[in-house]
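I opened a new notebook page for this chain. My plan is to look up one item at a time and write down what I find.

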Amino acid sequence: MSHASSSSSLVSLDSSVFFSDTPVSCVREPLDFLLVNVGGHCFVLSQELLASHPETRLGKLASCSRDSVMELCDDADLLRNEFFFDRSSQAFQYVMNFYQTGHLHVSEELCEISFLQEIQYWGIDEVRISTCCRERYYRRKEHKEALDLRPDLEDDDDDEDFVGAACPAIRRRLWDLLEKPESSRAARTFGSLSMFFVVVSVINMVLISLDFGEEFGVSPPMLLEAMEYVCVVWFTAELALRFLCVRNKCRFSRSIPNVIDLMAILPFYVTLAVENLHGGSTELENMGRVVQVLRLLRSLRMLKLGRHSTGLKSLGMTIAQCYEEVGVLLLFLGVGISIFAAAVFALEYDLPATTFTSVPAAWWWATTSMTTVGYGDVRPDTAVGKVLAFLCILSGILILALPIAIINDRFSACYFTLKVKEAAVRHGEMLKRLNRGSIGETGSVGGGANLRDNYARSVLEMLRLQGRERASTRSSGGEELWW
């Protein structure tokens with residue numbers, strides 16, 4: 001038992017660095033050490049070592065009076081100098097290592113949000129994380145926080161929303177039909193019809209815009225007008241049914257997908273009202289332009305595909321999360337465009353047949369050059385101007401390539417997250433149907449077997465997507481790039 005009086009500042013009860021269940025009686029001078037019981041595992045730390053970190057919870061515990069001990073721990077045995085904490089013993093191993101070495105490391109197996117909560121509880125700031133782990137920790141933490149779906153991007157309405165409402169069973173079934181294509185065959189058919197009407201309405205809008213009088217010598221077919229009315233009636237009925245089913249109508253009205261659905265049909269009704277009120281009058285000369293603009297707004301119906309497309313949802317989430325990177329990209333482009341535009345205008349403006357007639361014209365040339373579009377309507381003629389154009393194009397390529405890796409990683413992560421979420425929803429639906437006894441309700445053995453097969457497929461799909469996500473993150477960034 002002489003090892004208790006050694007010069008080591010950290011003692012383990014069974015010569016282990018982290019924890020042991022050996023009785024405390026093996027320590028000769030218990031008052032010089034604190035026995036910390038974290039989650040059922042015992043750790044021994046010297047008061048001298050803890051006193052070197054007075055800002056931490058254990059540092060305060062080592063120097064506080066007995067009256068204030070219970071403010072810092074969950075329970076204490078002052079006779080044995082033992083203090084109990086109902087916290088994670090796995091995370092505390094890294095806290096122990098911090099006291100021993102002065103370096104705070106993070107393991108890949110730990111959830112970064114949970115690890116942050118643990119070290120904050122022990123009074124250790126996350127800036128103390130060692131440089132070897134700091135970059136990946138902050139990257140993973142930022143990524144996890146960015147993937148937290150906001151309420152206005154989610155269409156999740158819990159089962160409890162219809163409890164106590166009028167006709168809860170009917171509203172629940174209708175809501176599943178409208179919002180959960182994976183819930184039944186009828187819901188999948190409804191979702192397919194919804195996508196079909198979106199595509200038909202966009203094609204119909206394009207055909208209506210054609211000038212049949214000049215090109216074909218006929219007026220627009222009545223079939224196109226009728227199809228427009230049919231599509232709008234479908235979209236209106238779909239939105240109205242969703243509005244009637246949902247219980248929290250304020251949240252429903254603020255949801256981005258529902259606002260898009262409203263904006264997709266609103267121009268039609270506004271255009272119809274304007275044409276009926278001012279169709280035969282000549283009082284408002286610009287009314288035709290207003291109507292034309294409102295008709296063009298019908299192209300917003302393409303955004304309705306985002307309700308049924310995981311890729312479009314991922315794109316929207318990526319844009320929302322990468323606004324800082326996009327802002328930096330626009331800033332770099334703006335600086336480059338201003339510099340190259342001013343330089344080429346100074347070189348080219350005094351030439352006889354120059355196309356750089358003004359600084360805005362030079363801005364236009366720099367914009368098309370840096371974005372590698374190159375219309376050719378404005379171009380330099382001198383040798384120095386062409387060299388400057390080459391530098392402008394090269395700078396544009398480099399600037400545009402800078403945020404591509406970040407945006408690509410965000411898009412891949414968002415896409416896989418949504419795919420896993422959809423698989424989890426399907427898995428939950430199958431599990432609910434099994435728990436409700438849907439096998440007996442089918443009335444046949446085959447129906448139950450099919451339900452079990454669907455449930456098994458949902459489980460395999462979740463496992464496959466999670467394995468694919470882990471493989472993609474490893475291949476994109478190696479072992480150091482972990483999300």
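First, a term I need: two strands pair if DSSP finds at least two bridges between them. Strands (E, at least two residues) and helices (H or I, at least four) are DSSP runs, numbered from the N terminus.

**Ground rules.** I am reading a predicted model, where local features need pLDDT of at least 70, side-chain atom pairs count only at pLDDT 80 or more, and totals for chains, interfaces and linings use all residues. Residues are numbered from 1 along each chain as its sequence is written, and side-chain values use heavy atoms, with hydrogens and water left out.

**Whole chain.** I counted secondary structure and got 19 helices and five strands. Next I checked burial: buried means under 20% relative accessible area, exposed over 50%, and partly exposed in between (1.4 Å probe, protein chains only). Of the 483 residues, 36% are buried. I also looked at contacts, meaning heavy atoms within 4.5 Å. Among contacts with a separation of 6 or more, 63% join residues 24 or more positions apart.

**Strand β2.** I went to residues 33–38. How many residues of β2 are buried? Six of the six are, so the strand is largely enclosed by the rest of the structure. In a regular strand the side chains alternate between the two faces of the sheet. I checked each face of β2. F33, L35 and N37 are buried on one side. L34, V36 and V38 are buried on the other.

Which strands does β2 pair with? With β3 (residues 41–46) the pairing is antiparallel, over six bridges. With β5 (residues 82–85) it is parallel, over four bridges. I followed L35 to both partners. In β3 it stands opposite V44, and in β5 its bridge partner is E82. β2 and β3 form a hairpin, with two residues between them. G39 sits in that turn, and its phi is positive, about 60°.

**H53.** I found H53 in the loop between α1 (47–51) and α2 (57–63). Is H53 buried or exposed? It is buried, because its relative accessible area is 11%. I set aside neighbours within four places in sequence. H53 then contacts G59, F98, Y99 and R128.

**T355.** This residue lies in the loop between α14 (323–348) and α15 (359–370). T355 is partly exposed, at 24% relative accessible area. Leaving out neighbours within four places in sequence, I found T355 in contact with A361, D377, V378 and R379. I also looked up W365. It is 10 residues from T355 in sequence and 9.7 Å away in space, C-alpha to C-alpha.

**Surface patch.** V328, L331, F332, V335, I339 and L402 form a nonpolar patch on the surface. Together they have about 560 Å² of accessible area, by the Shrake-Rupley method with a 1.4 Å probe, where only the protein chains shown count as cover for residues. Patch members have over 30% relative accessible area and no salt bridge; nonpolar side chains (Val, Leu, Ile, Met, Phe, Trp, Tyr) are joined within 5 Å, like charges within 9 Å. A salt bridge is a side-chain nitrogen of Lys or Arg within 4 Å of a carboxyl oxygen of Asp or Glu. L402 is in the loop between α16 (383–401) and α17 (404–435). L402 is exposed, at 56%.

**Record check.** An unreviewed UniProt entry lists "transmembrane region" for residues 190–210, 222–245, 326–347 and 387–407. Its positions are given in the numbering used here, feature names are shortened, and annotations may be inferred rather than shown by experiment. I looked at residues 387–407: 90% helix, 0% strand, with the end C-alpha atoms 31 Å apart.
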